[in-house]
Every structure is written in structure tokens, then in C-alpha cells.
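Please keep the sequence and the 3D view open while reading.

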Amino acid sequence: MQKEPLYTIRTLALKSGVSMHTIRAWEKRYQALRPQRTPGNRRLYTEEDLARLQLLRQGVADGHTISLLAGLPTPDLWRLVHGRSSIPAEAETVEHSHAVEALLENSWRAVQNLDDRALQQSLHQAAALLSQPVLLEQLLAPLLQRIGHGWSEGRLRILHEHMATIVIRDFLTTLRLACTADPEAPVIIIATPAGQLHEMGALFVALTAAAQGWQIQYLGTSLPADELAAAAHRLDARIIALSLIQPSDDPQLPLQLEILRNLAGSETILIAGGGAAALFAPLLDRLSIHLINGIAQLREFLARERGLGQQPQP
Ligand code: B12
């Protein structure tokens with residue numbers, strides 16, 4: 001591979017599809033690349049730097065945090081992005097599922113014991129060990145489901161659910177705020193519609209988008225459609241994302257979505273997901289609101305919109 005420096009930061013940005021601002025931020029904060037410098041202190045990059053940056057971009061699009069990726073040597077980064085590890089796949093899967101199981105058990109015990117400190121510790125340990133998709137979908141979602149079952153079977157009280165919800169909300173917010181937003185990235189607004197109080201799905205969406213460098217405007221639960229549309233205009237938002245959970249036959253929702261579609265303007269992309277979203281599929285379709293099936297599909301959708309999922313044009 002060519003080792004002589006070839007590219008200025010502008011060319012590197014054009015070739016990789018990662019903005020100059022993001023490249024500088026990844027270098028400054030995480031030492032993700034170490035370019036050479038001209039006597040005039042301008043950055044110069046090699047073909048290897050370009051290859052590494054493309055892997056970093058793909059890793060972020062897949063849901064890994066840049067702080068994790070930036071610390072990996074390029075061969076390890078390549079294996080991670082291409083789904084191959086130096087550990088034999090079988091051993092890795094077993095080891096990995098044991099770690100997730102142990103962390104889930106620890107977190108569950110902490111909820112049962114009403115021990116918020118232990119729950120926090122367990123979650124922070126999980127954040128250090130697991131990729132963000134695994135953390136969300138294999139640890140937090142099952143933990144919350146278990147809490148729901150425990151509650152409906154009378155083994156847990158509402159106070160256990162509230163303690164856990166508060167710790168998890170703070171934890172997800174901390175992770176989200178630790179992500180570096182690219183000032184050149186588009187804005188995404190995230191909320192639940194009027195009357196809908198389940199917040200975790202919306203927080204999952206916010207963290208998923210933040211990990212890709214989106215500028216996040218997180219507006220929480222139960223937001224009337226006209227407020228959402230006003231936020232979109234004020235912030236010139238590219239996307240409004242809604243989490244639809246309960247009630248599954250929400251009588252307010254059709255009108256709220258009509259209002260949102262009318263007020264938000266045709267340039268704003270509307271997306272919806274969550275347990276109740278599929279039940280409104282015909283309405284969503286009529287209003288040109290994209291129905292997104294789950295967080296993995298969301299990650300792909302956002303990466304495409306951000307230009308992270310595709311190779312840039314030569
Ligand atoms: C915690 C909780 C609450 C808390 C919420 C606190 C908070 N701040 O969020 C409180 C106490 C407020 C609550 C209230 C109620 N709840 Co509740 N609650 C739960 C519980 C235990 C966990 C929910 C949760 O956080 N799940 C984890 C998250 C991550 O899952 P999720 O929201 O489904 O999101 C996933 C996907 O749907 C998707 N997703 C979500 N949003 C989006 C958006 C996009 C764009 C995309 C792509 C994907 C996506 O990604 C997530 C990860 O896979 C569930 C039990 C369970 N099994 O889920 C019940 C549950 C959801 N609640 C239920 C009910 C019935 C209620 C109440 C009506 C109870 C009552 N009688 O008052 C009220 C309704 C409140 C309202 N108006 O909205 C039912 C819903 C049944 C149904 N299908 O309609 C459940 C399933 C419990 C049950 N088995 O009966 N609840």
C-alpha cells in the first residue's frame with residue numbers, strides 16, 4: 001500500500017464521505033488518525049489513513065462508539081467492521097453471550113433489591129464491555145421486559161419499575177451526551193406523541209442517532225404535533241422520529257399524525273417505530289411516514305440519510 005502522504009484533509013473528506021470537521025474532532029479527541037504535517041502545519045494523509053477512516057465511518061454507522069473504535073489498531077478495526085474476530089467465532093459467541101447474561105442477571109438482581117447504585121454500576125460495566133447495539137437490544141430491552149413481567153406477576157412493585165426507569169434514563173442520557181455531534185450533520189428531533197408516556201424507545205432512538213454524529217433534539221414524551229412541527233421549523237430538522245408504544249389503538253394518534261404531516265412541511269422526513277407502529281401501517285403509508293422496524297433497521301436508515309452507509313462518489 002502507498003505510504004507517501006497523498007491527501008489534504010479536504011481530499012480525504014471528499015474520498016471518505018466524513019466531513020472535515022468530524023475528521024478533526026476524531027483526531028483531537030480520540031487520536032483516531034495521526035496525520036503527517038507539512039512545514040506549514042497542514043495535515044497530510046496516506047492511503048492507509050483513508051482506509052482506516054473508512055473503517056471508522058463504517059464502524060460508527062454500525063453503532064459502535066468512536067471512542068471505542070479509535071483505540072483499536074487498524075487490523076482489529078477491520079475484523080470488527082467485517083464481523084471477523086481473531087478469536088474463533090464460536091468461542092467468541094459463547095464468551096459474549098455469557099457476559100451479556102451475567103450483566104443482565106446483575107442488573108436484574110439490583111432492580112429486585114431496589115439498589116440503584118448497583119444497577120448503575122452494572123450498566124456502566126456493560127457500556128464498557130458491549131457494543132452499543134448489544135447493550136441496547138440484548139441487555140436493556142430484555143431487562144425492561146423482565147421488569148414488566150415481574151410487575152404484572154406481582155413480584156415487583158411500581159416503585160421497582162420507577163427506580164429502574166430513572167437509572168436507565170440517566171444512563172442513556174449520559175451515553176448520548178458523550179457522543180460528539182458533527183455540526184455539519186443534520187438535525188433529528190425525537191419524541192413520543194401526545195398522550196404516550198413510554199420513553200425508553202425514544203431514548204434508544206436518540207442514542208442510536210447520536211452515535212452516528214446526528215445533531216439530536218430530544219423532546220421526551222407526550223409532545224403535541226404542533227409543538228413538534230414548530231421545533232422542526234426552528235431547527236431546520238431533517239427528520240422527526242416518533243416512538244409509538246401504547247395504547248396500541250391510540251385514538252388521538254391519527255389526528256396528531258395528520259397535523260404533524262401538514263405542519264412539518266414536505267422537506268422534513270417523518271419516521272415512526274415502536275410496538276404500536278405497525279398497527280398504524282396504512283395510515284403511516286398514506287401520510288408518507290416511514291415505518292421503521294426496529295433499531296437495527298433504524299441504524300441503517302440513519303446511516304443512509306447521513307451518507308455513512310454508502311461509499312462516497314469518486
Ligand atoms: C416501564 C413501563 C411503563 C412506565 C414507562 C416509564 C417511562 N418513562 O418510559 C409507565 C409506568 C409510565 C408505564 C405506563 C403504562 N404502561 Co407500561 N410498561 C412499561 C414496561 C415495564 C417497560 C417499557 C419499556 O421501557 N420497554 C423497553 C423499551 C426499550 O421497549 P419499547 O418501548 O418497546 O421499544 C423497543 C421497540 O419498540 C423499538 N422502538 C421503540 N420506539 C421506537 C421508535 C423508532 C423510530 C424505532 C425505529 C424503534 C422504536 O425499540 C425498542 C428496542 O427494541 C412495559 C413492559 C414491556 N414488556 O415492555 C410496560 C408496557 C409497555 N406498559 C403497558 C401498559 C398497558 C401501560 C399503561 C396503560 C398502564 C396503566 N394501566 O396505566 C400505562 C400507559 C401510559 C401511557 N399513556 O403511555 C403494556 C402495553 C400493552 C400494549 N401493548 O398496549 C406493557 C407491554 C406492559 C404489559 N405487558 O401490559 N409503563
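## Strand S3 and its sheet

Strand S3 (residues 187-191) is joined to S5 by four bridges, and the two strands run parallel. The model discussed here is a predicted one. Within this pairing, Ile-188 stands opposite Ile-239 in S5. S3 is also joined to S4 by four bridges, again with the strands running parallel, and there the bridge partner of Ile-188 is Ile-216 in S4.

These pairings belong to an open sheet of five strands, whose order is S4-S3-S5-S6-S7 and whose pairing is parallel. Strand S4 (215-218) and strand S7 (289-291) stand at the edges with a single partner strand each, so one side of each is left without a neighbour in the sheet. On average, and ignoring direction, neighbouring strands of this sheet are turned by 25° against each other. Helix H10 packs on the sheet, where it touches S3, S4 and S5, and its direction makes about 165° with that of S3.

Why can S3 be described as largely enclosed by the rest of the structure? Five of the five residues of S3 are buried, and therefore the strand is largely enclosed. In a regular strand the side chains alternate between the two faces of the sheet. In S3, Val-187, Ile-189 and Ala-191 point one way while Ile-188 and Ile-190 point the other way, and all of them are buried.

## A buried residue in a loop

Leu-244 lies in the loop between S5 and helix H12 (253-264). Leaving aside residues up to four places away in sequence, Leu-244 touches Pro-193, Gln-196, Ala-272, Gly-274, Ala-276, Ala-277 and Phe-280. Pro-193 is 51 residues apart from Leu-244 along the chain, yet 7.3 Å separate their C-alpha atoms.

## The domains

| Domain | Residues |
|---|---|
| domain 1 | 9-72 |
| domain 2 | 89-177 |
| domain 3 | 187-306 |

The centres of domain 2 and domain 3, taken over C-alpha atoms, are separated by 25 Å. Where the two meet, ten residues of domain 2 are in contact with eleven residues of domain 3. On the side of domain 2 that touches domain 3, H8 and H9 each supply at least two residues, and the residues of this side divide by class into six nonpolar, one polar and three charged.

## The shell around the ligand

The ligand is surrounded by 34 residues, of which the closest are Gly-148, Gly-201, Ser-243, Gly-273 and Gly-274. The elements that give two or more residues to this shell are helix H8 (132-152), helix H9 (158-177), helix H10 (200-211), strand S5 (239-243), strand S6 (269-273) and helix H14 (294-306). Which element gives the most to the shell? That element is H8, with eight residues.

By class, the shell has 16 nonpolar, 15 polar and three charged residues. Domain 2 (89-177) and domain 3 (187-306) each contribute at least three residues to the shell around the ligand.

Key:
Residues are numbered from 1 along each chain as its sequence is written. This is a predicted model: local features need pLDDT of at least 70, side-chain atom pairs count only at pLDDT 80 or more; totals for chains, interfaces and linings use all residues. A residue is near a molecule or strand if its C-beta atom, placed from the backbone, lies within 6 Å of it. Ala, Val, Leu, Ile, Met, Phe, Trp, Tyr, Cys and Pro count as nonpolar, Asp, Glu, Lys and Arg as charged, and the others, Gly among them, as polar. Domain bounds come from an automatic or database domain assignment. Two residues are in contact if their C-beta atoms, placed from the backbone, lie within 7 Å. Two strands pair if DSSP finds at least two bridges between them. Axes are lines fitted to C-alpha atoms, for helices over the stretch in contact, and angles run from 0 to 180 degrees between N-to-C directions. A residue is buried if 20 or more other C-beta atoms lie within 10 Å of its own, exposed if 12 or fewer, and partly exposed in between; C-beta atoms are placed from the backbone.
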